[in-house]
Amino acid sequence: MKKIRGRSKQYFTAIAAMAVAATVVGSVPAHAEGSRTSYIKAWNADKESSRWHDSQKDKKATKVQFKGCNSDNSSGFSAPLTLYRAKSFAPDPDYGKKTNKCNTSDWGETKTAGDFYFKYHSTGYTISVKTVNISW
């Protein structure tokens, strides 16, 4: 076996294999296909979120998480949300309404690729949310 400055060829081969393995392991996604963090300031009557694209490559659930919530509702924070998929020249199909009480709304796997958004269906109250985490 040929020695390279006191090290064997096997030593360098093992180091190269570990480097390749570390690169492959480091490139595996640890979460859903995509995510976004935003905020809500003084939303009322049918305000819509910005849109995001879900390619449906990973079959992960679509979730909207609220943290740091405020409302002018004296009964507490309650935000009815509906998830929609944008569709050209036709009504946008919805994936159901969830009531977010400063927690996570989970619509499960939507199964169809497309551009999505959620809408706040005002109950007569204005809401603000410090942190909105959207994952798909």
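**View 1. Lysine 63 and its bridge partners.** In strand S11 (127-135), serine 135 is the bridge partner of lysine 63. In S9 (residues 104-106), aspartate 106 stands opposite lysine 63. This is a predicted model, in which local features need pLDDT of at least 70, side-chain atom pairs count only at pLDDT 80 or more, and totals for chains, interfaces and linings use all residues. Residues are numbered from 1 along each chain as its sequence is written, and side-chain values use heavy atoms, leaving out hydrogens and water.

**View 2. The pairing of strand S6.** Strands pair if DSSP finds at least two bridges between them. S6 and S11 run antiparallel and are joined by eight bridges; S6 and S9 also run antiparallel, with three bridges. Strands are DSSP runs (E, at least two residues) and helices are runs of H or I with at least four residues, both numbered from the N terminus. The protein chain contains eleven strands and one helix.

**View 3. The largest nonpolar core.** Such a core is a set of buried Ala, Val, Leu, Ile, Met, Phe, Trp, Tyr and Cys residues joined through side-chain atoms within 4.5 Å, where buried means under 20% relative accessible area (1.4 Å probe, protein chains only). Ile40, Val64, Phe66, Leu81, Phe118 and Val132 touch the most other members among its 19 residues. Strands S3, S6, S7, S10 and S11 each give two or more residues to this core, and S11 gives the most, with four.

**View 4. The surroundings of leucine 81.** Contact means heavy atoms within 4.5 Å. Leaving aside residues up to four places away in sequence, leucine 81 touches several residues, including Val64, Phe66, Trp107 and Phe118.

Note on methods. Buried means under 20% relative accessible area, exposed over 50%, partly exposed in between (1.4 Å probe, protein chains only).
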